[in-house]
Amino acid sequence: MTGMGLDTLAATAAQCTPVSLSDLGRLAQVIWTFLPLSLFSLGGGNTLLAEYHHISVEEFCWLTNAQFADLYALAEAAPGPSSMIVGLLAMGAAWKEGPLWGLVSAFGGELAILLPSTLLMVLASLSWNRLKDSPWRVAFQKGLGPITLGILFAVGLKILTTANHGPLAYLTSIAVCVLMLRTRISPLWFMAVAGLLGGVGLINR
Amino acid sequence: MPPASEASRPSSPDGLAQAPGLRDLFIGMQEVALSSFGGGLSAWSQRIVVEQRRWMTNEDFLTGLTVARLFPGPNQINMAVYIGASFRGLPGALVALAGMLLVPFSLLMALGLVYFQIHRIPQVDRVLAGVVAAAAGMALSMGFKILDTYRRDPVALVLAAGIFVAMAFFHVRLIPLVLVTAPLAMAWYWPRASQQELR
């Protein structure tokens, strides 16, 4: 079973051929990729996950499908804002050049995804009194809600299908989804239990 | 000054402490980040910034939450930026951001380094397969969580459904999608006198 999992890993990797870049070139690629996305992180940033997947798995071949899913889970499980997943993706992008480049890339990517939205947020904080009653503000706030809603559903589906799931894995995901909506249990418990089920071989990729 | 109590929602500036300096901002945000390791970041942020340190009124804090949610960027991080910027402008924002992220980001980097070293070990991969299934359930719940807000707004639901289909089935990329749909949605929701009469 695990052999199969690793085969699929290799197969996914084989489909995607990365452009060969120098280590600094890769760092520039990482920064240049995340910088503009920063301003499109609506609804707290989770809306970017499908785009992150496209970039790191399909476009630049930084990661395999399974690695992407793993990093998403890691970012969700770790304390702090889960949007820090960008640091992990960027680490994966430069991992071939060694852990040190991985770290440099992680810092570069995280800075790139945070800096533009931070600068905009500073402007917004300082001019909020003028913005508050503007019709632009009202239209922006109301209009972006439904867009965020649509994107979040697409993101959910993307993450769900990203790791090659067996029926029991799908069942686990749906059960966790229902529990997330109906209870206030910390999701860490769900991940721990599911990790255990995976460890004994009940959930496969 | 009395310790945090219910009198800790000062309605006048008199009840507030002195405006924090850069160092205070860094330490304060670090405290928020550390306190919220089990979750509930915005509640902790409110407790520390409004009730314990008395940097800002509850009203200002809630305004900050609104701005943080409205503008692009992770909400908790935007909140730190708002707090920092309110007192010390851009340097304050950057220092607050650094304070908020230092420990969690270092931890995540350590996790990442370990992950990339060991994830090919079959046993590790098996456990991760389970964890990933649970995490995917969390991702799936995000849309449902805010769905209720739009139950009585058919236009919003049609718009959201269109965006879902475009992304999930036609693989439209995020930036062009937002650039096209945001102006349309903003035009529809533009505050108009006629619309108000209809309601």
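This note goes through the predicted model of the complex in numbered points.

1. Basis of the model. The model is predicted, so that local features need pLDDT of at least 70 and side-chain atom pairs count only at pLDDT 80 or more, while totals for chains, interfaces and linings use all residues. Residues are numbered from 1 along each chain as its sequence is written, and chains are lettered from A and ligands numbered from 1 in the order in which they are written.

2. Confidence. The predictor gives an ipTM of 0.88 and a pTM of 0.89 for the complex.

3. Make-up of chain B. Chain B holds eight helices and zero strands, where helices (H or I, at least four residues) and strands (E, at least two) are DSSP runs numbered from the N terminus. Of the 199 residues in chain B, 41% are buried, a residue being buried if 20 or more other C-beta atoms, placed from the backbone, lie within 10 Å of its own, exposed if 12 or fewer, and partly exposed in between.

4. The interface. Contact (C-beta atoms, placed from the backbone, within 7 Å) joins 96 residues of chain A to 78 residues of chain B. On the side of chain A that touches chain B, α8(A) provides the largest share, 22 residues. That side divides into 59 nonpolar, 31 polar and six charged residues, with Ala, Val, Leu, Ile, Met, Phe, Trp, Tyr, Cys and Pro counted as nonpolar, Asp, Glu, Lys and Arg as charged, and the others, Gly among them, as polar.

5. Leaving aside residues up to four places away in sequence, A139(B) touches L49(A), V155(A), G156(A), I159(A) and L160(A).

6. Helix α3(A). This helix is mostly covered, with eight of its 11 residues buried, including L49(A), Y52(A) and I55(A). After α3(A) comes C61(A), whose phi is positive, near 55°.

Note on methods. Contact = placed C-beta atoms within 7 Å.
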